[in-house]
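Good morning, and thank you for joining this meeting.

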Amino acid sequence: MTNIKNVGQCLLGSNALGKLPGIVAEWRSQDGFAAYLVDGFFEDKSLKARLEPQEDDLVIFLDTNEEPTTQYVDEVTASILRDRTEMPSIIVGIGGGSSLDIAKAVSNLLANGGNAADYQGWDLVPSQGIYKIGVPTLSGTGAESSRTCVMMNKQNNVKLGMNSNFSVFDQIILDPDLSRTVEKDQYFTTGMDTYVHCVESLHGQYRNLISDAFSHQALALSREIFFSADIMSDENRERMMVASYLGGCGIANGLVGLVHPPSSGLSMVLGIRHGLANCIVLEALDEFYPKEVEEFREFKKRNNIQLPTGVCSGLSDSKFDDLYEATIVHEKPLENALGSNFRDILTKKKLRGLFEAM
Ligand code: NAD
Ligand code: ZN
């Protein structure tokens, strides 16, 4: 039985970002400052002024050219404390899944000390982090509502999150105006992350009615978007924000399946971004998710999306070994998808065949 933890408060609508300064003012303690961690895309845009930061506040533009690593999260945490005698009282993450995850991890680290890698796993964060607000600018990962923040750990070749109730945002602001500037392929592949989460969860063995209900609704919205004429219309960007939020709630209370483990492998070993890696893996999994793979191909066709193929061609045996290790380490989702004997089904040879088909 899962004792469900959801986001504290959620504000949705065009120009909802305008409410952020007021919300920050409510939570600001007398001597604590606010730290805004913002996707680097917005550095030369007019966003900073809209945050109305006070003199003491910190606005850090994040480098999201690579998805978050434990090392980068440690660096951002250290940079917040540099030259300060007090802790921030609020952390605001603004951006896609990468920036939201960095904000969540930093909030946990500031309150608990230690390094990001110490808390990768399940329920290892000892206590509540700094009050955190999430503002997605790219929808699909569900990072705004999930109970994890995913980081690549290059020391042990594993991509893993801080899965914890303390990784859930206290407040989120869903403002569809913010995703208007996303490049279409990125919008499609990150948006597909919601679809993939829900499909994996609904096909899994560890399910519950609440997670299923979230997933069914997120899937219905995803289908409306991907089958429509303009997936990036104002209405569809708002729909995508809600689908992503609901998908994140679903996955927070359920588990992913057979797409995410190899997808983590592709990100870890070949540096392929999460949403794109999911799409590449999904397309190779006809055998496991036949109807959904067919539907995904239809989404691509309608939206004229071309994704890379042959991403593993020409890899050395040792790279295939790395891919295998970075995949098979994800025992919980694999067991959810295939049962406790998942290693007998997803053998090294079988997995290599799947990677070769991607
Ligand atoms: P991202 O955050 O990595 O961003 C991708 C690109 O989009 C970046 O170049 C960024 O600058 C750009 N971008 C973001 N917003 C933009 C905007 N409004 N206009 C123009 N460009 C914009 O991408 P993502 O797919 O949202 O996040 C991927 C990360 O999320 C991965 O690290 C993945 O592991 C993680 N993830 C987390 C969860 C979770 O539950 N915490 C779930 C799934 C994935
Ligand atoms: Zn995902």
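Ring pairs join F188, Y195, F226, F227, F296 and F299 into a cluster; rings of Phe, Tyr and Trp (its six-membered ring) pair if their centres lie within 6.5 Å, with planes under 30 degrees apart counted as stacked, over 60 as edge-to-face and the rest as tilted. This is a predicted model, in which local features need pLDDT of at least 70 and side-chain atom pairs count only at pLDDT 80 or more, while totals for chains, interfaces and linings use all residues. Residues are numbered from 1 along each chain as its sequence is written, ligands are numbered from 1 in the order in which they are written, and side-chain values use heavy atoms, leaving out hydrogens and water.

By the ring rule, the count is 7 aromatic pairs. One of them is F188 with F296: the centres are 6.3 Å apart and the planes are at 35°, so the pair is tilted. It links helix α5, which holds F188, to helix α10 (residues 290-302), which holds F296, across 108 residues; helices are DSSP runs of H or I, at least four residues, numbered from the N terminus. F188 is buried at 0% relative accessibility (buried means under 20% relative accessible area, with a 1.4 Å probe and protein chains only).

Let me turn to the metal. The zinc ion (ligand 2) is coordinated by D193, H197, H260 and H274, at 2.1 to 2.7 Å; donors are N, O and S atoms within 2.8 Å of the metal (3.2 Å for Na, K and Ca), and water is not among the atoms, so sites may look incomplete. D193 lies in helix α5 (residues 184-203) and H274 in helix α9 (residues 274-283), so this pair ties together parts 81 residues apart in sequence. Both D193 and H274 are buried.

Definitions and conventions: Helix = DSSP H or I, 4+ residues; strand = E, 2+ residues; numbered from the N terminus. Buried < 20%, exposed > 50% of the residue type's maximum accessible area, 1.4 Å probe, protein only.
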